[in-house]
Amino acid sequence: MTARAGKQHEAMRAHFRRAAQERGFTLDPAQEAPAERLGRLAEELAHPLWRLRRPPRHLYLWGPVGRGKSWLVDTFLDGLATPQKRRLHFHDFFRRLHEGVAQHTAAQHAGGPHTDGAAVDQAVDELLGDCRLLVFDEFHAHDAGDAMLVARLFRTLLDRRITLVTTSNYPPAGLMPDPLYHHLFEPTIWLIEERMDVLDVAGRTDFRRQPRPEHVDGFALGARLDAGEEAAAGLTPPRADEARPVATHHRELPARAVRDDLVWFGFAELCEGRTAVPDYLALAERFPTLVLDGVPPLAEASADARRRFANLVDVCCDRGVRLYLVGADPLAGLPADSTLMRDLDRTASRLALLRQPGREPQEQART
Ligand SMILES: Nc1ncnc2c1ncn2[C@@H]1O[C@H](COP(=O)(O)OP(=O)(O)O)[C@@H](O)[C@H]1O
Ligand SMILES: [Mg+2]
């Protein structure tokens, strides 16, 4: 980084400073090196590919939640002049990829021998078109079923003349933490370590947990309520005749109420049933508000329900869906040091954004 910064790099530096200033903060020391590296990438992307000796290297930013990774990549993307850029949430990309792969596999079956690899390639082509930069927020892999598709997808992406920038809560070696499946994913980890510049964004402060009275994002307008507090929070509890099925991703789920701007579910129906991220995305696309009642302490829920709940919170937070959780404190009774708590780290940080009307005076007294 001793070389003199070019024009685009300088412009990106100024852009980062201005964007932080507008939100009333300065870059954390742990954000500075990644911001510089993104500035260098901006410089490279300003040149046509044929002018570069090789396509710009891929970046992998990782660190604990709330350290400002997403802010860095979003601000970077926002400051880039090129229209050939895409930012996709990992879950969302994956859902679309699954759909695309299924379509192409079916088409290839009809017309001759089927090749999965070609279906993945085609689906990726369609999703990415002529893009030169792909930002993939919150990359992670937990599911054995996904492992193979993620592995193939990564190889496909890294082989293209597209620069991939990902954020993750995991260092590459920590991806696919389940010891049963970790070895399946190791070749992908090696590939990431070899082909991507890995940068950590691991400052000391979780900015999400800091009080931010003047900034309230959509998610923060939601709340966590004890049973019985719904009306006080401005929610009208569902009447029996409001119950109806809601169409989600290729299925219907039984909602307790469906109104213009709101959908109301029980935890059992949404998190204990066999639902998945595409269902939550479909709900998030249609409803600005989601109420989930009957929430148990997650320590008492099944492992699957915990994972579904964590994914639901991710989707709501990412899509700015106002989320009301009614019932117990989901995080109550979770042993602080357990792997269980570590897996729920991001969820905990996001739940801290929810208002807790009954508790506000106490919270304020503490800060
Ligand atoms: N240097 C900073 N100082 C204060 N707040 C910050 C800083 N960087 C980012 N933030 C804010 O902190 C919150 C969490 O940042 P985010 O990028 O979502 O974290 P991560 O993606 O690492 O989980 C966001 O509201 C973001 O705008
Ligand atoms: Mg993030």
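Two strands pair if DSSP finds at least two bridges between them. Helices (H or I, at least four residues) and strands (E, at least two) are DSSP runs, numbered from the N terminus. The model is predicted: local features need pLDDT of at least 70, side-chain atom pairs count only at pLDDT 80 or more, and totals for chains, interfaces and linings use all residues. Residues are numbered from 1 along each chain as its sequence is written, while chains are lettered from A and ligands numbered from 1 in the order in which they are written.

**View 1. An open sheet of five parallel strands.** The strand order is E2-E3-E4-E1-E5. Strands E2 (85–89) and E5 (196–200) stand at the edges. Each has a single partner strand, so one side of each is left without a neighbour in the sheet. From one strand to the next, the twist averages 15° (axes are lines fitted to C-alpha atoms, and angles run from 0 to 180 degrees between N-to-C directions). Strands of a sheet pair through backbone hydrogen bonds.

**View 2. Strand E1 and its partners E4 and E5.** E1 (residues 58–62) pairs with E4 (residues 163–168) in the parallel sense, over four bridges. Five bridges join E1 to E5, again in parallel. Follow leucine 61: its bridge partner in E4 is threonine 167, and in E5 leucine 199 stands opposite.

**View 3. Both faces of strand E1 are covered.** Five of the five residues in E1 are buried (20 or more other C-beta atoms, placed from the backbone, lie within 10 Å of a residue's own; 12 or fewer means exposed, in between partly exposed). In a regular strand the side chains alternate between the two faces of the sheet. Here His58, Tyr60 and Trp62 lie on one side, with Leu59 and Leu61 on the other.

**View 4. The shell around ligand 1.** Ligand 1 is surrounded by 15 residues (C-beta atom, placed from the backbone, within 6 Å of the ligand). The closest are Phe25, Gly68, Ser70, Trp71 and Phe207. Helix H3 (residues 69–79) gives the most to this shell, with three residues. The shell divides into five nonpolar, five polar and five charged residues. Ala, Val, Leu, Ile, Met, Phe, Trp, Tyr, Cys and Pro count as nonpolar, Asp, Glu, Lys and Arg as charged, and the others, Gly among them, as polar.

**View 5. Helix H9 packs against helix H10.** H9 (residues 277–286) and H10 (residues 303–319) pack at an angle of about 30°, with axes 9 Å apart (for helices, axes are fitted over the stretch in contact). Val277, Tyr280, Leu281 and Ala284 in H9 meet Asn311, Leu312, Val315, Cys316 and Arg319 in H10 (contact: C-beta atoms, placed from the backbone, within 7 Å). Seven of these contact residues are nonpolar, one is polar and one is charged.

Technical notes: Contact = placed C-beta atoms within 7 Å.
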